[in-house]
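Subject: Structure handover

Hi,

Here is the structure to look through. My notes on what turned up are below it.

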Amino acid sequence: MQFAMVGLGRMGANMAKRLMRAGHSCVAYDARGEAVAALVKEGAVGAASLADMVSKLSAPRAIWLMLPAAIVTETVKTLLPLLGREDVLVDGGNSDYRDAIRKAGELRQYGIHFVDAGTSGGVWGLDNGYCLMVGGVPEAVKRIEPILEALAPGRASAPAIESSAVADLNTAELGYLHCGGPGAGHFVKMVHNGIEYGLMAAYAEGFNILQHAGRGLHPRAADAETAPLSEPELYQYELNLPAIAELWRRGSVVRSWLLDLSAHALREDPQLQDFSGRVSDSGEGRWTLKAAIDLGVPAPTLSSALFARFSSQGEEVFADKLLSAMRREFGGHEEKK
């Protein structure tokens with residue numbers, strides 16, 4: 001099947017390569033000419049502009065966008081006059097599901113299909129495949145099913161669950177699923193990423209406790225600004241975190257791919273000296289919490305994980321300064337240097 005890939009970053013380029021390996025033909029475009037040139041060497045047809053890209057596709061066209069959410073709308077506006085009836089435009093990035101609903105409605109009046117495809121797999125997807133959460137009208141999703149099947153990891157990527165219960169899993173066991181109408185794919189991916197925030201935070205907090213388990217071995221300041229460590233004799237463990245991470249990968253109930261990645265990172269850099277600790281968020285956690293609030297569904301773990309990311313970005317500094325100022329005002333407490 002012929003398709004176009006717009007956005008050849010970490011995921012877009014690898015997705016195009018995986019599709020070409022499966023026998024699909026790719027027209028590639030990116031604002032960075034060197035990214036296009038690199039994919040041309042892999043067998044793609046390069047395009048110098050969006051208009052050039054569209055001209056190299058046979059109608060009805062299939063165009064997959066792998067772009068930051070902030071530039072999807074502008075890209076769709078640029079593409080709109082270039083497209084024709086029955087063309088399918090797929091947004092595979094981390095866009096707001098509400099935008100997908102709106103875009104699908106706007107493009108429908110021109111006879112153009114808009115499909116939202118939440119895509120998970122990161123830099124490992126080229127070899128391992130991508131988990132695809134898809135929203136849109138059935139006929140449009142059916143049109144791009146060969147692409148979805150080639151991108152997905154396949155049935156062998158996870159052991160089958162033995163159960164006597166009858167469940168309508170559709171294509172989920174293959175690694176892709178038509179979740180529902182417009183917006184459904186990005187809604188499911190949004191919650192997926194919210195869960196990801198929570199899982200990552202749980203691992204990080206747990207390993208942080210292990211990292212500090214030897215605090216009782218070290219002298220602690222005895223002053224009014226330092227809380228004493230209760231029973232320091234109970235916290236005298238210099239733990240081997242890379243070894244513990246490796247241990248937990250084997251038979252533990254907390255084993256997971258995220259733990260595999262954590263184990264690798266700790267083995268390469270046990271003190272994580274290459275990292276500042278600033279953790280970005282790209283919007284999905286915020287949107288997940290908004291949905292939880294709108295629906296009246298409690299999500300304390302996900303909210304805590306998101307707010308922790310805000311703190312890591314320095315957004316708590318003013319509040320911390322005010323706390324320190326109040327302590328000085330009411331008790332004459334000076335900040336400890």
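**Overall layout**

The protein chain has 14 helices and eight strands. Please keep in mind that this is a predicted model. Along the principal axes, the C-alpha atoms of the protein chain fill a box of roughly 75 × 50 × 45 Å. The chain has 337 residues, and 39% of them are buried. Take the contacts with a separation of 6 or more: 63% of these are between residues 24 or more positions apart.

**Nonpolar cores**

In soluble globular proteins, nonpolar side chains tend to be buried together. Here, the largest nonpolar core has 32 residues. Met5, Cys26 and Trp64 have the most contacts inside it. Helix H1, residues 12-21, gives this core its largest share, with five residues. There is also a second, separate core of 22 residues. Leu50, Ile63, Val76 and Leu89 are among its members.

Trp64 deserves a look of its own.

**The H12–H13 pair**

Helix H12 covers residues 284-295, and helix H13 covers residues 300-312. They pack at an angle of about 145°, and their axes are 10 Å apart. H12 passes H13 in a left-handed crossing. On the H12 side, Gly285, Arg286, Thr288 and Leu289 make the contact.

Val72 sits in helix H4, residues 69-79. Is Val72 buried or exposed? Its relative accessible area is 1%, so Val72 is buried. Setting aside neighbours within four places in sequence, Val72 is in contact with Leu65, Leu67, Asp91, Ser95 and Lys103.

Ser252 lies in the loop between helix H10 (241-248) and helix H11 (257-268). Why does Ser252 count as buried? Its relative accessibility is 17%, and the cut-off for buried is under 20%. A polar atom of the Ser252 side chain lies 3.0 Å from the backbone nitrogen of Val254.

Val72 and Ser252 are 180 residues apart along the chain. Their C-alpha atoms are separated by 41 Å.

Best wishes

Technical notes: Residues numbered from 1 in each chain as written. Predicted model: local features only at pLDDT ≥ 70, side-chain atom pairs only at ≥ 80, totals over all residues. Heavy atoms only, no water. Axes fitted to C-alpha atoms, helices over the stretch in contact; angles between N-to-C directions. Helix = DSSP H or I, 4+ residues; strand = E, 2+ residues; numbered from the N terminus. Left-handed = near helix turned anticlockwise from the far one by under 90°. Contact = heavy atoms within 4.5 Å. Core = buried A, V, L, I, M, F, W, Y, C linked by side-chain atoms within 4.5 Å. Buried < 20%, exposed > 50% of the residue type's maximum accessible area, 1.4 Å probe, protein only. Polar contact = N/O pair within 3.5 Å; in protein donor to acceptor, adjacent residues only side chain to side chain.
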